Amino acid sequence: IEAGGAHKQGPNLHGVFGRTAGTADGFGYSGAVAGSGVVWDEKTMSEWLKAPKKFIKGTKMVFAGIKKDKERDPLIAYMKEAASS
């Protein structure tokens, strides 16, 4: 998560909060994510991290999710801080 960082398995997450899903330049999103209209905030990110394939049906994401709030919440707090600095 760094300004100007390269995309890897997923898109670079710098600036992700407040951004519409599927809009980071240069990353090849699935049609499901690109057409979802989701805007990333704490709530939408939590739902995505909990169960990506349920949150955006048709995503190609191969991540099963993080079911427990106590595990997702600190990750989201870290992401918010790192994605904005």
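The face of helix H4 turned away from its buried side carries the exposed residues Lys70, Tyr78 and Glu81. Here, exposed denotes over 50% relative accessible area, buried under 20%, and partly exposed the range in between, with a 1.4 Å probe and protein chains only. Helices (H or I, at least four residues) and strands (E, at least two) are DSSP runs numbered from the N terminus. The structure is a predicted model, in which local features need pLDDT of at least 70 and side-chain atom pairs count only at pLDDT 80 or more, whereas totals for chains, interfaces and linings use all residues. Residues are numbered from 1 along each chain as its sequence is written, and side-chain values use heavy atoms, with hydrogens and water left out.

The buried residues of H4 are Arg72, Ile76, Met79, Ala82 and Ala83. They lie on the same side of H4, because they cover an arc of only 135° around the axis; the arc is that of the directions from the helix axis to the C-beta atoms. Helix H2 is included in what covers these buried residues of H4. The length of H4 was also examined. The end C-alpha atoms of H4 are 22 Å apart, which agrees with the 22 Å that its 16 residues should span at 1.5 Å a residue. The expected span of a helix is 1.5 Å times one less than its number of residues.

The largest nonpolar core consists of twelve residues: Val16, Ala21, Val33, Val38, Trp40, Met45, Trp48, Leu49, Ile56, Ile76, Met79 and Ala83. Helix H2 (42-50) and helix H4 (69-84) are the elements that give two or more residues to this core. A nonpolar core is a set of buried Ala, Val, Leu, Ile, Met, Phe, Trp, Tyr and Cys residues joined through side-chain atoms within 4.5 Å. Apart from its neighbours within four places in sequence, methionine 45 is in contact (heavy atoms within 4.5 Å) with Val16, Phe17, Trp40, Ile76 and Met79.

The largest pocket holds about 820 Å³ of space. Its lining comprises 32 residues, of which Gln9, Gly10, Pro11, Leu13 and Met61 lie nearest its centre. At least two residues of this lining come from each of H2 and H4, and H2 supplies the largest share, three residues. On a 1 Å grid over the protein atoms alone, a cavity is a set of points where a 1.4 Å probe fits but cannot get out, and a pocket is an open set with protein on both sides within 12 Å along at least five of seven lines; lining residues have an atom within 4 Å of a point. Grid points are joined across faces, edges and corners, and a volume is the space filled by probe spheres set on the points.

Proline 11 lies in the segment before H1 and counts as partly exposed at 21% relative accessibility. Not counting residues up to four places away in sequence, proline 11 touches Ala24, Phe27 and Tyr29. Tyrosine 29 is found in the segment before helix H1 (31-34), and its relative accessibility of 21% makes it partly exposed.

The loop between H1 and H2 contains glycine 35, which is exposed with a relative accessible area of 60%. Valine 39 is placed in the loop between H1 and H2 and is partly exposed, with a relative accessible area of 40%.
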